Amino acid sequence: RVNALRVNTAETVVINGFWRSGTTWLQELVAEGLSAKRVFEPLQARCGYIQKAVQGIALPEQGYAYINGFMPYATAAHPPSPAMKALLHQAQKGVLTNPFVLRDQALLDPGRAFKNRVVVKYVKGALSLKYLKDTYQCPVIHIYRDPRAVISSIKARKNWAEGAFENFSLTNHLLNVNDGRADFFSRFSDDIRAIDKAGDFERLTGYYFLTEKFIEDSFGGNSLHYVRFEELARNPDLEFQKIAGYLNCAD
C-alpha cells in the first residue's frame with residue numbers, strides 16, 4: 001500500500017475478456033514484458049471484495065453464485081456506487097492484498113509487490129471498461145475468442161465458476177439490475193427473455209455476445225486494443241509487438 005504512492009493509475013494496464021478467453025495468459029505476458037505487478041480478478045466473489053461493493057446496488061439476487069457471475073455496470077451517465085468506485089480504484093493502484101488476487105506473486109516473485117507498474121485483468125469488466133478508460137486514461141486491452149471454443153472450454157470443466165452459470169437468469173444479469181444497464185440492454189429484451197428459456201450454455205453464449213456488443217458500442221472501435229486469442233496463439237511474437245506498440249514500449 002505504501003508502494004502504491006508511486007503507482008500512476010494512467011499507466012496501469014487493464015486487460016479484459018470473457019471467461020476462458022485467454023485473459024490469464026495475456027496478463028502474464030504483459031506483466032512479464034513490463035516487469036509489472038499483477039492484480040488478478042478483483043471482482044471475483046472468491047476474493048470477498050465485490051460482496052461489499054454491491055451492497056448499495058439493488059440486485060435481483062443475493063446468492064454467491066449470482067454475484068460471482070455479476071458484471072458491475074459503470075458509465076459516465078451511471079457512475080459506480082462509492083463502494084464499487086473504491087474497489088476499482090484500489091485495483092488500479094494495486095493495493096488489494098487478498099491471496100487470490102495476488103496469486104502466487106508473494107511466494108514466487110515477492111519483488112513484484114514493489115513494482116510501480118500494475119496490470120489488472122478482469123473477466124467481469126466488460127460493462128465498466130469504458131468507464132475505466134475514461135476515468136484513468138489508461139491503456140485497455142480486450143481479448144476475444146471464438147465463442148465455440150469458449151463454450152467448449154467451459155463445458156469441459158466440472159463445477160466451473162462455482163455455480164455462477166448453472167440454471168442462471170440472463171434477465172437478472174442484464175435487465176433487472178437498477179443501475180442503468182437496462183438503458184442499453186432493453187433493446188434486446190425480447191431476445192434475452194427468449195434465450196432465458198433455453199439451456200445454460202445458450203444463456204452463457206448470449207451473455208458473451210451481448211456484453212461484447214456493449215464493449216463495441218461503448219468504444220466505437222477507438223481507444224482500446226483488441227487481441228484475438230487465435231492470432232495470439234498462432235503468432236505470439238507479432239501480436240505482442242502490436243501490444244507493445246499500443247503501450248508505447250520501445251523494447
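**Entry 1: helix α8**

Against which element do the buried residues of α8 pack? I went through the contacts of this predicted model and found that the buried residues of α8 pack against α12. The helix covers residues 147-155, and I noted Val150, Ile151, Ser153 and Ile154 as buried. Looking down the axis of α8, I see these buried residues fall within an arc of 160°, so they line one face of the helix. On the other side of α8 I found Arg148 and Lys155, which are exposed.

**Entry 2: the sheet**

I then traced the strand order and read an open sheet of 5 strands, β2-β3-β1-β4-β5, with parallel pairing. The edges are held by β2 (37-40) and β5 (225-228), and since each has a single partner strand, one side of each is left without a neighbour in the sheet. From one strand to the next I noted a twist that averages 20°.

Going through the pairs, I counted 4 bridges between β2 and β3, which run parallel, and in this pair Lys37 has Val118 of β3 as its bridge partner. The pairing of β1 with β3 is likewise in the parallel sense, over 4 bridges, and here Ile15 has Lys121 of β3 as its bridge partner. At the other end of the order, β4 (residues 140-144) is joined to β5 by 4 bridges, again in parallel; Ile141 has His225 of β5 as its bridge partner, while Ile143 stands opposite Val227 in β5.

Helix α12 (residues 200-219) touches β1 (13-16), β4 and β5, and its direction makes about 150° with that of β4. Helix α14 (residues 236-246) touches β4 and β5, and its direction makes about 170° with that of β5.

Which residues of β5 lie on its covered face, and which on its uncovered one? I assigned His225 and Val227 to the covered face, and Tyr226 and Arg228 to the uncovered one.

For β3 (residues 118-122) I found 5 of its 5 residues buried. Val118, Val120 and Tyr122 point one way from this strand, Val119 and Lys121 point the other way, and all are buried, the lysine included.

**Entry 3: nonpolar cores**

Which residues touch the most other members of the largest nonpolar core? In this core of 62 residues they are Met84, Phe165 and Phe185, and the largest share of the core, 7 residues, comes from α12.

**Entry 4: salt bridges**

Side chains of opposite charge can pair when their charged atoms come close, and I counted 12 salt bridges in the structure.

Glu28 and Arg38 meet through their side chains at 3.0 Å, N to O; Glu28 belongs to helix α1 (residues 23-34) and Arg38 to strand β2, 10 residues apart. Glu28 counts as partly exposed at 24% relative accessibility, whereas Arg38, with a relative accessible area of 11%, is buried.

For Glu162 and Arg46 I read a salt bridge of 3.7 Å, N to O. Glu162 lies in the loop between α8 and α9 (170-174) and Arg46 in the loop between β2 and α2 (49-53), so this pair ties together parts that are 116 residues apart in sequence. Glu162 is partly exposed at 30% relative accessibility, and Arg46 is partly exposed at 49%.

The last pair I looked up is Arg203 with Asp200, at 2.3 Å, N to O. These two residues are 3 residues apart in helix α12, separated by about one helical turn. Arg203 is buried, with a relative accessible area of 5%, and Asp200 is partly exposed, with 23%.

Key:
Residues are numbered from 1 along each chain as its sequence is written. This is a predicted model: local features need pLDDT of at least 70, side-chain atom pairs count only at pLDDT 80 or more; totals for chains, interfaces and linings use all residues. Side-chain values use heavy atoms; hydrogens and water are left out. Two strands pair if DSSP finds at least two bridges between them. Axes are lines fitted to C-alpha atoms, for helices over the stretch in contact, and angles run from 0 to 180 degrees between N-to-C directions. Contact means heavy atoms within 4.5 Å. A nonpolar core is a set of buried Ala, Val, Leu, Ile, Met, Phe, Trp, Tyr and Cys residues joined through side-chain atoms within 4.5 Å. Buried means under 20% relative accessible area, exposed over 50%, partly exposed in between (1.4 Å probe, protein chains only). The arc is that of the directions from the helix axis to the C-beta atoms. A salt bridge is a side-chain nitrogen of Lys or Arg within 4 Å of a carboxyl oxygen of Asp or Glu.
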